[in-house]
Amino acid sequence: MSLLACPTCDALHDVPDLEPGRKASCVRCGHVLVSGQTVSLDRTLATSLAVAILIVAALFFPFLSISEMGFGNQINLIEVAAAFLDGWLIPLTLAVTASIIAIPLIRVALLLYALVPLRLGRPRPRHAARAFRWSDALRPWSMAEIFILGTAVALVKVAELATIGFGPAFWAFCIAVGIIAFERQITDSAAIWSMLDDEG
């Protein structure tokens, strides 16, 4: 039996240890509090791997193309970051690059380190609980969706001056942002912590 607060409405519940296939929902708003350990691991690992693959792909494929009067150019995310590595913009560029690329990938690495052995039925690795806690702490600093929103706003202005084309990396990044938002809704932290505690 554990005391859990609903992340949606903050109602407190006494949640017993559930049998496989059972789930517990909030009596006030219906939010799923615990959805089962195996299901939680599968969802979290699947979304994490998808985000990692999409972000890595977005680093090397063309992100945007701009053409005007017969002249055109394509650029990827690495080139976008490198273009602003000059003078006082260096700290800002590093911070933006970390928030949209490095932090999401670090979160994925921490989740895989902590959860893959559990999913394979092996003992949890050393410091697995700390890795999962760090991945949760880094969640607010993963700002890929803000980058996409800022890019869209900037392109509205640029579109008046030139022809804009969206490369594969742009769409991969948009899908990654959607998956990140989806992962935040489906990750059952209570079930995962229960598994980590059991292994401990």
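In this predicted model, ring pairs tie Phe63, Phe166, Phe170 and Trp171 together into a cluster. The count of aromatic pairs comes to 4. One of them joins Phe63 to Phe170, with the ring centres 5.5 Å apart and 65° between the planes, an edge-to-face arrangement. This pair bridges distant parts of the chain: Phe63 sits in the loop between helix H1 (37–60) and strand S5 (64–68), while Phe170 belongs to helix H6 (residues 168–186), 107 residues away. Both Phe63 and Phe170 are buried. Phe170 also pairs with Trp171, and since the planes stand at 85°, with centres 5.2 Å apart, that pair is edge-to-face as well. Phe170 counts as buried because its relative accessibility is 7%, under the 20% cut-off. Trp171, on the other hand, is partly exposed, with a relative accessible area of 46%.

Over in helix H3 (residues 89–119) lies Ser99. Its relative accessibility is 12%, so Ser99 is buried too. Setting aside neighbours within four places in sequence, Ser99 touches Pro104 plus a run of Trp141, Ser142, Met143 and Ala144.

As for the chain as a whole, it has 7 helices and 7 strands, laid out along the sequence as β-β-β-β-α-β-β-α-α-α-α-β-α-α. Of its 200 residues, 37% are buried. Among contacts with a separation of 6 or more, 62% are between residues 24 or more positions apart; the Phe63–Phe170 ring pair, at 107 residues apart, is a link between distant parts of the chain.

Notes: Residues numbered from 1 in each chain as written. Predicted model: local features only at pLDDT ≥ 70, side-chain atom pairs only at ≥ 80, totals over all residues. Heavy atoms only, no water. Helix = DSSP H or I, 4+ residues; strand = E, 2+ residues; numbered from the N terminus. Buried < 20%, exposed > 50% of the residue type's maximum accessible area, 1.4 Å probe, protein only. Contact = heavy atoms within 4.5 Å. Phe/Tyr/Trp six-rings, centres within 6.5 Å; stacked < 30°, edge-to-face > 60°.
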